[in-house]
Amino acid sequence: MNIGAVRSIPTMFTLNFFTLGIYHYYWIYYISLEVQNFTKRKDISPSLELLLSIITCNLYSVFWYNKYGNIIHKEIALKIDENDRNDVTQIVMVSFIIVLFVGMPIIGGLIFAFVMGVLLSGMSVLYGGAYNSFTLNPEVLLVFAGTILALIIIVIVITAMLLIPDIIMQKKLNTIWRKVRELHYNKI
């Protein structure tokens, strides 16, 4: 029996943070693969799901969350006799859309602040230090620190944007995979 992996939510966040969101694509591929292996459905192609997510800059994920949310919360849950009365598929999709439309302007503003901070820091160092004895003023260091802070916030916001729907789906999958293991070991 093909049983998927139980993933730690804090580990998912950490991996997503340190890989700058690339882990999200890894996660989409492996969730698609686990669902395909468990359900034996022929209409699931993990490689195609990954490719479409990357090509569309994650906009395909709205469709992906709907498709896999329905499979996970309805089809797989019914296979293991777990009557799922809470259909969170729509909640996952709505959370992704809200995060997308609320997070994108925030990220745009932060990227603008980051770019302007880099330009100001560079100009301050170049023009302030080129004619003097190359001393860094406190103002230059403050702009540079703000630039680094903006970069860190950008990475955290992107990580959170990608993870909110992932966490909802992964929590359900963790419950399903634990129950499948329990049922499998009780049969032996």
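Me: With the side chain of which residue does the side chain of Glu-49 make a polar contact of 3.1 Å?
Reply: In this predicted model, Glu-49 is found in helix α3, which spans residues 46–55. Its contacts beyond four places in sequence include Trp-64 and Lys-67. The polar contact of 3.1 Å is made with the side chain of Lys-67.

Me: Which side chain is joined to that of Glu-49 by a polar contact of 2.5 Å?
Reply: Leaving aside neighbours within four places in sequence, Glu-49 is in contact with Ser-32, Tyr-60, Trp-64, Lys-67 and Tyr-68. From this group, the side chain at 2.5 Å is that of Tyr-60.

Me: Is Glu-49 buried or exposed?
Reply: The relative accessible area of Glu-49 is 3%. Buried residues are those under 20%. Glu-49 is therefore classed as buried.

Me: Which residues touch the most other members of the largest nonpolar core?
Reply: This core has 30 residues. Elements giving two or more residues to it are α2 (22–39), α4 (61–79), α5 (89–130) and α6 (138–187). The members that touch the most others are Trp-27, Val-35, Trp-64, Tyr-68 and Ile-72.

Me: How many residues does α6 give to this core?
Reply: Helix α6 covers residues 138–187 and is among the elements that give two or more residues to the core. The most is given by α6, and its number of residues is nine.

Me: Which residues is Tyr-68 in contact with, leaving aside its neighbours within four places in sequence?
Reply: Tyr-68 is one of the core residues that touch the most other members. Beyond four places in sequence, its contacts are Ser-32, Val-35, Ile-44, Glu-49 and Met-169.

Me: Is Lys-40 buried or exposed?
Reply: Lys-40 is found in the loop between α2 and α3. Its phi is near 60°, a positive value in a residue other than glycine. A relative accessible area over 50% counts as exposed. With 53%, Lys-40 is therefore exposed.

Me: Is α1 roughly parallel or oblique to α2?
Reply: Helix α1 (residues 9–18) and α2 pack at an angle of about 130°, and their axes are 6 Å apart. Roughly antiparallel requires an angle over 145 degrees, and roughly perpendicular covers 65 to 115. The angle therefore makes α1 oblique to α2.

Me: How many residues of the contact of α1 with α2 are charged?
Reply: Helix α1 takes part through Met-12, Leu-15 and Asn-16, and α2 through Ile-22, Tyr-23, His-24 and Trp-27. These residues divide into five nonpolar and two polar, and the number of charged ones is none.

Key
Residues are numbered from 1 along each chain as its sequence is written. This is a predicted model: local features need pLDDT of at least 70, side-chain atom pairs count only at pLDDT 80 or more; totals for chains, interfaces and linings use all residues. Side-chain values use heavy atoms; hydrogens and water are left out. Helices (H or I, at least four residues) and strands (E, at least two) are DSSP runs, numbered from the N terminus. Buried means under 20% relative accessible area, exposed over 50%, partly exposed in between (1.4 Å probe, protein chains only). A polar contact is a pair of N or O atoms within 3.5 Å; within protein, one must be able to donate a hydrogen and the other to accept it, and residues adjacent in sequence count only if both atoms are side-chain atoms. Contact means heavy atoms within 4.5 Å. A nonpolar core is a set of buried Ala, Val, Leu, Ile, Met, Phe, Trp, Tyr and Cys residues joined through side-chain atoms within 4.5 Å. Axes are lines fitted to C-alpha atoms, for helices over the stretch in contact, and angles run from 0 to 180 degrees between N-to-C directions. Angles under 35 degrees count as roughly parallel, over 145 as roughly antiparallel, 65 to 115 as roughly perpendicular and the rest as oblique. Ala, Val, Leu, Ile, Met, Phe, Trp, Tyr, Cys and Pro count as nonpolar, Asp, Glu, Lys and Arg as charged, and the others, Gly among them, as polar.
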